[in-house]
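Please keep the structure in view while reading.

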Amino acid sequence: MYSEISKVFEITEEVSKSVIAKNTVHTDKYAEWPEEGIRALQQAGLGGLTIPLEFGGMGHGTETLAKVCEIIGQSCASTSICYGMHCVGSAVIASKVTDFQQDNYLTPICEGRHITSLSLSELGSGSHFYLPRTKMTNTHNGDYIIEGEKSFATNGGRADSYVVSAVTEETNQPTGKFNCIIVPGNSEGIEWGPAWAGLGLRGNSSRNLSLNKVAVSEEHILGNEGDQIWYIFNVITPYFLTAIAGAYLGLARAVIEEVKSHIMKRTFSFNGKSIASSSVTQHQVGCLWAKYARTRALLYWATQCYDNGIEGSQLDLFSAKAEIADTVIDIVNEGMTLCGGSAYREDSNLNRMMRDARAAHIMSPTTDMLRVWTGRSILEQPLLTDT
Ligand SMILES: Cc1cc2nc3c(=O)[nH]c(=O)nc-3n(C[C@H](O)[C@H](O)[C@H](O)COP(=O)(O)OP(=O)(O)OC[C@H]3O[C@@H](n4cnc5c(N)ncnc54)[C@H](O)[C@@H]3O)c2cc1C
């Protein structure tokens, strides 16, 4: 629809400013899924952002995904992550799509009629999302029965489908060997845990999902049984890291704008001077910008290399998400200090931003894991050995 990349960014800016931003405070206060913003993004034609052109999508890779999530993240981190997880799920479905999956999932996604999401995490394996214990059993009559407990499924209860990971009962599968299946959101046997009441990202609806003998036809299996290690490193990880990194880069920029706005207005009556005129404050703001700018450069360098198939670019993607998590938390911490007592108020924007930022490290692959994976890659060690 929007063949030129600049048009994609323009339309995202427009939706962010006119729809998403006005709901940010409400979304956080009431922990409500950002319905209006997500629907506006779909209506603007951005539902199929990461789906290749030949399947009816917009054909964009990780660089555009990062930028779109950055723009949305400047207005609302929750909305950015909800939309980002939809894009990651879409990319996973598209990567080895069948005719059935095209008709029932990709086409509705591209037409803005379907939201998907990724549900890999489980309590039992935590951040080791590649070690699911959810089981899928082949009934040998064309169906699989899925049983297990998923945790933190973003867009939980609100998406039309979920890309879920599971292991087959028949085999004692090695690390990383599992299957991805599309589970329709209205399947019988799906049960949602309590409403999401997170410290931050309160609009995410990241809920626990019980799969109680959910039957799905074999047409819902993505790729070949057991080939999911390919999905982890070729689709899930790069798209996931990019969406999250983009969202948090946007949040970091929003923090700087918030800090700027406060400092520009803060004037002392005893000398009539603005703290913006203090060289210490100027220096501190300069440091914030440098942190933001260097992680932005790393993210767009990494995504450009990745999209162009440059060997080794995954390492830069790993580091980009880890660095952005460090940076956004650092920037918001410094921003809190720079804005003094007013930032410490319960209803300050920085309060929300600080809570949203805190989840950056633990969205798996976590910062710790990404550092370890990077080290392992450099040292030529297997990535997923111990846990
Ligand atoms: C707001 C939110 C939204 C989410 N959305 C989704 C979603 O849409 N889909 C989804 O599948 N999941 C989602 N998750 C889950 C997320 O990706 C993680 O899986 C989850 O937060 C891990 O939590 P845990 O308490 O089990 O962490 P744990 O696994 O207990 O880890 C705790 C800490 O220990 C560290 N650690 C553990 N093992 C290692 C190791 N081997 N090496 C180094 N460090 C290690 C971790 O880095 C982490 O910092 C979401 C989580 C949150 C908070």
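Two residues are in contact if their C-beta atoms, placed from the backbone, lie within 7 Å. The model described here is predicted. The chain is divided into domain 1 (5-115), domain 2 (118-225) and domain 3 (229-378).

**Domain 1 and domain 2**

- The centres of domain 1 and domain 2, taken over C-alpha atoms, are separated by 21 Å.
- Contacts join 24 residues of domain 1 to 21 residues of domain 2.
- On the domain 1 side, α1 (5-30), α4 (77-95) and α5 (99-110) each supply at least two residues, and α4 gives the most, with 11 residues.
- This side of domain 1 consists of 13 nonpolar, eight polar and three charged residues.

**The largest nonpolar core**

- The largest nonpolar core has 109 residues, of which V92, I181 and Y248 touch the most other members.
- Helix α6 (residues 228-265) gives the most to this core, with 20 residues.
- Leaving aside residues up to four places away in sequence, V92 touches L118, V163, C180, L222, Y231, V235 and I236.

**Around the ligand**

- The ligand is surrounded by 26 residues, and the closest are G126, F152, T154, T366 and D368.
- Two or more residues of this shell come from each of β1 (116-119), β3 (143-153) and α11 (367-378).
- Domain 2 and domain 3 each provide at least three residues of the shell.
- By class, the shell has 12 nonpolar residues, 13 polar residues and one charged residue.

**A database annotation**

- An unreviewed UniProt entry lists residues 243-376 as "domain: Acyl-CoA dehydrogenase/oxidase C-terminal".
- Over residues 243-376, the chain is 76% helix and 0% strand.

Terms used
Residues are numbered from 1 along each chain as its sequence is written. This is a predicted model: local features need pLDDT of at least 70, side-chain atom pairs count only at pLDDT 80 or more; totals for chains, interfaces and linings use all residues. A nonpolar core is a set of buried Ala, Val, Leu, Ile, Met, Phe, Trp, Tyr and Cys residues joined through C-beta atoms within 7 Å. A residue is buried if 20 or more other C-beta atoms lie within 10 Å of its own, exposed if 12 or fewer, and partly exposed in between; C-beta atoms are placed from the backbone. Helices (H or I, at least four residues) and strands (E, at least two) are DSSP runs, numbered from the N terminus. A residue is near a molecule or strand if its C-beta atom, placed from the backbone, lies within 6 Å of it. Ala, Val, Leu, Ile, Met, Phe, Trp, Tyr, Cys and Pro count as nonpolar, Asp, Glu, Lys and Arg as charged, and the others, Gly among them, as polar. Domain bounds come from an automatic or database domain assignment. UniProt positions are given in the numbering used here, feature names are shortened, and annotations may be inferred rather than shown by experiment.
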